[in-house]
Amino acid sequence: MIGVNARRFHIATVEEIKSAQTSDVYFERTKEILEKEGLSDIHVTAEITTGSLPKNWEYGILAGVEEATNLLEGLNIRVRSFPEGTLFRPVDSSGVREPVMILEGRYLEFCLYETPLLGLLCQASGIATMASRVRRAAGAKTVFSFGIRRAHPALAPMIDRACFIGGFDAVSSMIGAKLLGKNPTGTMPHSLIIAIGDQVRAWKSFDKYMPKEVPRIALVDTYYDEKTEAIMAAQALGTSLYGVRLDTPSSRRGNFQEIIREVRWELDSRGFDHVKIFVSGGLDDESVRTLSEAGADGFGVGTSVSNSPCIDFAMDIVERDGKSVAKRGKLGGKKEVWRCDNCLRDYVLLEGVPAPSCSKCGNKTRPLLVRLLESGRPTSPQPASDKIREHVIDQLRKLVV
């Protein structure tokens, strides 16, 4: 193990995470006390829920399930969970908290893993949820993940994956794209233009040296206003120019919607109607919707997704040695969650209670919790990120606007 003082980056290793060294110390103390009290063999059911979502979000997207499976694999426990990418709400149609994941087994088998397990689910789910909100705001238009520079680099693959499964079209980090089996996407930085010293030369150099499959998207706000540089880029590259990117900081932006409309007008009036307009810089779901209406064709979204609020999941024991138990404010007993796939309405019932019909549309419901681990062994391969993304987008289509 790397010594603490010799560690060059302040990150835990895979081995340290897997051995629960990133747990809160009070779980280690709990384990010690239970062992000394002769309670090593108590069997519990614990569920993961949240009572609310950040910023009054109307839904969440569950992410981090693949990593959670890898964390818990090998422990002699049973784990059921909503599939990764499942849309969920804090409570069901009757106001009962929805368990997104349920763990069953000897408590000391998994008590040290509560901290890292929640960390994996809380942050990735927050990012995936925000990404899905941006996806809805953008409609069918292109959205890129540009947020890794606002977070610890160790998290770049997780951030890009959560953005992608949340509905983004492409990601910017080389490692994130590699793990997704995709090509990284990006345009050009201001530093390229400033280092070369001339916008036109920089755009032409990009066109000259970059592979043909890389879209020619010119950054057009370095020295002059966006309208002027957009015209310059179109005249310099002609039909090779795929798009222009406006990355103007908010302090210099003015009315960004009007800037987009101006750029669109000037390009179209000169015969460059094929040139698309991409925007970036401090965007979120609300601004993406507004700028899309103004005529933007694509969006590079960063900080609002990479630094999205976490989903405040908690783990609670709801059954001990076969008997229903719960802390104050929580409901005891082993549960099942039933969903109507037509209207995404959920029903939380005790395990063993027959499946309900949807009270809204009368359709049959199906159990939403699926087995991830049985005696510590994965029950099936994890779905590919593309399949998860498709599932997320399909659910978003069913939401009432």
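**Salt bridges, a buried helix and a ring cluster**

Searching the whole structure turns up 34 salt bridges, a salt bridge being a side-chain nitrogen of Lys or Arg within 4 Å of a carboxyl oxygen of Asp or Glu. The model is a predicted one, so local features need pLDDT of at least 70 and side-chain atom pairs count only at pLDDT 80 or more, while totals for chains, interfaces and linings use all residues. Residues are numbered from 1 along each chain as its sequence is written, and side-chain values use heavy atoms, with hydrogens and water left out.

Take Glu 104 and Arg 78 to start with: their side chains meet in a salt bridge at 3.5 Å, N to O. Glu 104 sits in strand 5 (residues 101–106) and Arg 78 in strand 3 (residues 77–81), so this contact ties together parts that are 26 residues apart in sequence. Helices (H or I, at least four residues) and strands (E, at least two) are DSSP runs, numbered from the N terminus. Glu 104 is buried, with a relative accessible area of 7%, whereas Arg 78, at 27%, counts as partly exposed; buried means under 20% relative accessible area, exposed over 50%, and partly exposed in between (1.4 Å probe, protein chains only).

Asp 169 and Arg 135 make another salt bridge, with their closest N and O atoms 2.8 Å apart. That one links distant parts of the chain: Asp 169 is in the loop between helix 6 (156–165) and strand 7 (170–171), Arg 135 is in helix 5, and 34 residues separate them.

Glu 258 comes out partly exposed at 38% relative accessibility, and Arg 261 is partly exposed at 36%. Beyond individual pairs, salt bridges that share partners join Arg 78, Arg 80, Glu 104, Glu 319, Lys 334, Glu 336, Glu 351, Arg 371 and Glu 374 into one network.

Just after helix 5, Gly 139 takes a positive phi of about 65°.

On the aromatic side, the structure holds six pairs. Rings of Phe, Tyr and Trp (its six-membered ring) pair if their centres lie within 6.5 Å; planes under 30 degrees apart count as stacked, over 60 as edge-to-face and the rest as tilted. Phe 144 and Phe 146 have ring centres 6.0 Å apart and planes at 20°, so they are stacked. Phe 144 also stacks with Phe 278, at 5.9 Å centre to centre and 20° between the planes. This second pair bridges strand 6 (residues 142–145), which holds Phe 144, and strand 10 (residues 276–280), which holds Phe 278, across 134 residues. Phe 144 is buried at 10% relative accessible area, and Phe 278 is buried at 3%. Ring pairs link Phe 144, Phe 146, Tyr 242 and Phe 278 into a cluster.
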